[in-house]
Amino acid sequence: MPQLDAAVAGAFFGIYLNSGQVCQAGSRLLVAKPIKDEFVAKLTALSQTLKLGDPFDPATTMGPVINENQLAKIENYLERGRQEAKLLTGGSRATGPGLEKGLFVKPTIFDEVPAQASIAREEIFGPVLSVLSFENIDDVIRTANDTMYGLAAAVWTKDINVALKVAKGLRAGTVWVNAYHSTGLYNMPYGGYKQSGLGRELGDLGLEEYMETKSIQIKLQ
């Protein structure tokens with residue numbers, strides 16, 4: 001698979017898994033300016049192939065959101081997004097045959113999103129993606145870190161030096177390179193920076209959460 005298409009597939013999986021209702025969902029997408037138009041066009045077309053419906057139906061590729069309150073919250077952000085950025089696809093509740101009894105949201109992509117927009121800075125917890133652009137490596141690290149959250153992030157590149165520089169610079173507890181939502185490395189600690197939780201699960205650091213440490217001080221006579 002070409003590198004660009006692989007990155008598009010990764011961004012697609014990053015935001016739409018579980019209808020975007022994932023703590024580490026990739027809800028902000030930062031794309032280099034020279035490739036942004038092509039990237040976003042491919043991602044938009046792929047997003048429009050999603051089939052909403054009953055999660056128990058094998059033909060369904062994206063299910064509903066969890067409850068009425070969450071639907072209302074997402075719809076509020078969709079309204080804000082239409083005022084803050086350029087809507088490319090989705091942007092509303094999904095209705096129609098087979099969707100009458102569910103709380104479905106159309107897969108949504110906003111482009112030309114300002115870094116200070118609410119849809120880029122606040123946790124929506126739904127299938128809503130904000131696309132921002134960047135000029136260079138320092139720019140993308142600065143923009144990516146300009147958030148109160150820091151649970152997970154990813155970088156897509158074929159240049160290992162770029163991958164390492166960005167991964168080291170990102171203030172996130174997990175950084176994937178050329179992957180998203182990758183799991184299975186249970187010997188590695190999991191947790192976030194900033195307002196994305198305290199402490200770590202898994203690995204040696206996770207074990208320390210269940211241990212008591214004693215300090216003994218002795219003054220020799």
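Predicted model: local features only at pLDDT ≥ 70, side-chain atom pairs only at ≥ 80, totals over all residues.
View 1. Residues are numbered from 1 along each chain as its sequence is written, and side-chain values use heavy atoms, leaving out hydrogens and water.

**View 2. The aromatic pairs.** How many aromatic pairs does the structure hold? There are 2, where rings of Phe, Tyr and Trp (its six-membered ring) pair if their centres lie within 6.5 Å, with planes under 30 degrees apart called stacked, over 60 edge-to-face and the rest tilted. Phe12 and Tyr16 have ring centres 5.3 Å apart and planes at 70°, so this pair is edge-to-face. For Trp176 and Tyr180, the centres are 4.7 Å apart and the planes stand at 50°, so the pair is tilted. Trp176 and Tyr180 are both buried.

**View 3. Helix α3 and its buried face.** From first C-alpha to last, the 17 residues of α3 reach 24 Å, close to the 24 Å expected at 1.5 Å a residue; that expected span is 1.5 Å times one less than the number of residues. Gln70, Leu71, Ile74, Tyr77, Leu78 and Gly81 are the buried residues of α3. Looking down the helix axis, these buried residues fall within an arc of 125°, so they line one face of α3; the arc is taken over the directions from the helix axis to the C-beta atoms. On the face turned away from the buried side sit the exposed residues Glu68, Asn69 and Gln83. Among the elements covering the buried residues are β3 (93-94), β4 (104-105), β5 (108-111), α4 (118-121) and β6 (128-134).

View 4. What caps the N-terminal end of α3? Asn67 does, with a side-chain oxygen 3.2 Å from the backbone nitrogen of Asn69. Such a polar contact is a pair of N or O atoms within 3.5 Å; within protein, one must be able to donate a hydrogen and the other to accept it, and residues adjacent in sequence count only if both atoms are side-chain atoms. Gln70 belongs to α3 (residues 68-84) and is buried at 11% relative accessibility. Beyond its neighbours within four places in sequence, Gln70 is in contact (heavy atoms within 4.5 Å) with Gln21, Val65, Ile124 and Phe125.

**View 5. The largest nonpolar core.** Which of the 26 residues in the largest nonpolar core touch the most other members? They are Ile74, Phe110, Val113 and Ile119; a nonpolar core is a set of buried Ala, Val, Leu, Ile, Met, Phe, Trp, Tyr and Cys residues joined through side-chain atoms within 4.5 Å. At least two residues of this core come from each of α3, α4, β6, α5 (137-145) and β7 (152-155). The most comes from α3, which gives 4 residues. Not counting residues up to four places away in sequence, Ile119 touches residues including Tyr77, Gly81, Phe110 and Val113. A second, separate core has 21 residues, among them Ile15, Met62, Ile109 and Leu129.

**View 6. Ala120 in helix α4.** Ala120 has its place in helix α4 and is buried, at 8% relative accessible area. The C-alpha atoms of Ala120 and Ser27 are separated by 7.7 Å, although the two residues are 93 apart along the chain. Leaving out residues up to four places away in sequence, Ala120 touches Arg28, Val113, Pro114, Ala115 and Ser130.

View 7. Is Leu17 buried or partly exposed? At 33% relative accessibility, Leu17 counts as partly exposed, and its place is in the loop between α1 and β1 (28-32). Leu17 and Met62 are 45 residues apart in sequence and 7.7 Å apart in space, C-alpha to C-alpha. Residues up to four places away in sequence aside, Leu17 touches Val22 and His181.

Terms used. Buried < 20%, exposed > 50% of the residue type's maximum accessible area, 1.4 Å probe, protein only.
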